[in-house]
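Have the structure open while you read.

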Amino acid sequence: MGLIPRRKSKWDEQPTAPCEVLLAADGRRDFSERAIAEAIALSQSGPVAVVTIARIYGTQFGIPNPGLMPTKQEMKARHGWVGSAVDQIVAAGVTADGQVSVTRKATKSLARVARARGAKLIVIDETPETGIRRFV
């Protein structure tokens, strides 16, 4: 009986190292300068984790449909936003890392990341129309 090859995961492993501040966004736009500055100011000695959301827009017949997943352009944009925020935080002398979370439920995903990373403070950069802060 031969070995069954292990399937490669479609997504990268998400960071789980502890962080002091979690900079989170709902994934509708780039991080604001104000939110980045606040995350830098709040991090006393620990690292900052940057997280944004790439939304899955539902299911078809109870299973995920590839047409409802984020497109390559959307993922590239989200990775650019996270990379830009991480670069600005590192330029200010604070250690930082980032991730893009692909999910249907943004608030649950952000709460799960904050819990897994042991974040002491969360800075939420929201689009004014969404009001994600009231759900978290």
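## The sheet

Two strands count as paired if DSSP finds at least two bridges between them. Helices (H or I, at least four residues) and strands (E, at least two) are DSSP runs, numbered from the N terminus. With that in hand, here's the sheet: it is open, has 4 strands in the order 3-2-1-4, and its pairing is parallel. Strand 3 (96–103) and strand 4 sit at the edges with a single partner strand each, so one side of each has no neighbour in the sheet. On average, neighbouring strands are turned by 20° against each other, direction ignored.

A quick word on the model: it is predicted, so local features need pLDDT of at least 70 and side-chain atom pairs count only at pLDDT 80 or more, while totals for chains, interfaces and linings use all residues. Residues are numbered from 1 along each chain as its sequence is written, and side-chain values use heavy atoms, with hydrogens and water left out.

Back to the strands. Strand 1 and strand 2 pair in the parallel sense over 4 bridges. Ala24, for instance, has Val51 in strand 2 as its bridge partner.

## Helices on the sheet

Helix 1 packs on the sheet and touches strand 1, strand 2 and strand 4. Its direction makes about 170° with that of strand 4 (axes are lines fitted to C-alpha atoms, for helices over the stretch in contact, and angles run from 0 to 180 degrees between N-to-C directions). Helix 3 (residues 106–117) packs on the sheet too, touching strand 1, strand 2, strand 3 and strand 4, and its direction makes about 155° with that of strand 2.

Which residues of helix 1 (residues 33–42) are buried? They are Ala35, Ile36 and Ala39 (buried means under 20% relative accessible area, exposed over 50%, partly exposed in between, with a 1.4 Å probe and protein chains only). Looking down the helix axis, these buried residues fall within an arc of 100°, so they line one face of helix 1; the arc is that of the directions from the helix axis to the C-beta atoms. Glu33, Arg34 and Ala41, on the other side, are exposed. The buried residues pack against strand 1 (21–25), strand 2 (48–55), helix 2 (72–91) and strand 4.

## The nonpolar core

A nonpolar core is a set of buried Ala, Val, Leu, Ile, Met, Phe, Trp, Tyr and Cys residues joined through side-chain atoms within 4.5 Å. The largest one has 19 residues, and Leu23, Phe31, Val48, Val50 and Ile89 touch the most other members. Strand 1, helix 1, strand 2 and helix 2 each give two or more residues to this core, with the largest share, 6 residues, coming from helix 2. There's also a second, separate core of 10 residues, including Cys19, Leu22, Ala106 and Leu110.

## Two buried residues

Asp125 is in strand 4 (residues 121–125), and at 7% relative accessibility it counts as buried. Its side chain makes a polar contact with the side chain of Arg29 (3.4 Å) and reaches the backbone nitrogen of Ser32 at 2.6 Å. A polar contact is a pair of N or O atoms within 3.5 Å; within protein, one must be able to donate a hydrogen and the other to accept it, and residues adjacent in sequence count only if both atoms are side-chain atoms.

Ser109 is in helix 3 and, at 0% relative accessibility, counts as buried. Leaving aside neighbours within four places in sequence, Ser109 is in contact (heavy atoms within 4.5 Å) with Ile53, Ser101 and Thr103.
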